[in-house]
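Please look through the report below with the sequence and the 3D structure at hand. Each section takes up one topic.

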Amino acid sequence: MDKNREKEIQEYAHRKASEPLFGGGSKPNDEAEYRKAMQENGPYLTLGIQMALTMAAFAGLGWWLDKQNGTSFWIGICAGFGAVAGLGYFLLVVVRMEKKNDLRKKKKNNGRSLF
């Protein structure tokens, strides 16, 4: 192997060995793409937590009502209502965001149909 090729390989190996394993070596364009992806998908990330908190809040209300009245059926009724309310809100937000994305895609295509 000639000296130039050997030096080239050593420089490449040194450059690769000094790069960080995760992140750090990203291009400026990657950060813009990441920011755009998070703006588009960020609202979806909290929906599961919102649904769980809604169910927990209604179950807590039912537990409190049962404790106050000495009954045992309010927790089931309230937890069921919380599950329905949480799922309803989840679906409502997803449908709204999908409509928003469809409108954005239509604007991007200038109203031209792809089919």
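## Two salt bridges

Glu31 and Arg35 are joined through their side chains by a salt bridge, with 2.9 Å from N to O; the term stands for a side-chain nitrogen of Lys or Arg within 4 Å of a carboxyl oxygen of Asp or Glu. Both residues belong to helix α2 (residues 28–45), where they sit four residues apart, about one turn of the helix. Helices here are DSSP runs of H or I with at least four residues, strands are runs of E with at least two, and both are numbered from the N terminus. Arg35 has a relative accessibility of 45% and therefore counts as partly exposed, since buried means under 20% relative accessible area, exposed means over 50%, and partly exposed lies in between (1.4 Å probe, protein chains only).

Searching the whole structure gives two salt bridges, and another pair that forms one is Glu8 with Arg5, whose closest N and O atoms are 3.1 Å apart. An α-helix has 3.6 residues a turn, so residues three or four places apart point the same way. Glu8 is partly exposed at a relative accessible area of 46%, and Arg5 is partly exposed as well, at 43%.

## How the model was read

The model is a predicted one, in which local features need pLDDT of at least 70 and side-chain atom pairs count only at pLDDT 80 or more, while totals for chains, interfaces and linings use all residues. Residues are numbered from 1 along each chain as its sequence is written, and side-chain values use heavy atoms, with hydrogens and water left out.

## The chain as a whole

The protein chain has four helices and zero strands, which follow the pattern α-α-α-α along the sequence. Of its 115 residues, 7% are buried. The accessible surface, computed by the Shrake-Rupley method with a 1.4 Å probe, comes to about 10,000 Å², and 62% of that surface belongs to carbon and sulfur atoms.

## Helix α3 and Asp66

Helix α3 has 23 residues and reaches 33 Å from its first C-alpha to its last, close to the 33 Å expected at 1.5 Å a residue; the expected span is 1.5 Å times one less than the number of residues. Its buried residues are Leu47, Gly62 and Asp66, and just after the helix Gly70 takes a positive phi of about 70 degrees.

Leaving aside neighbours within four places in sequence, Asp66 is in contact (heavy atoms within 4.5 Å) with Thr71, Ser72, Phe73, Trp74 and Ile75.

## Gly82 in helix α4

Gly82 is placed in helix α4 (residues 74–108), and because its relative accessibility is 0%, Gly82 counts as buried. Not counting residues up to four places away in sequence, Gly82 touches Thr54, Met55 and Phe58. The C-alpha atoms of Gly82 and Met51 are separated by 8.5 Å, although the two residues are 31 residues apart along the chain.
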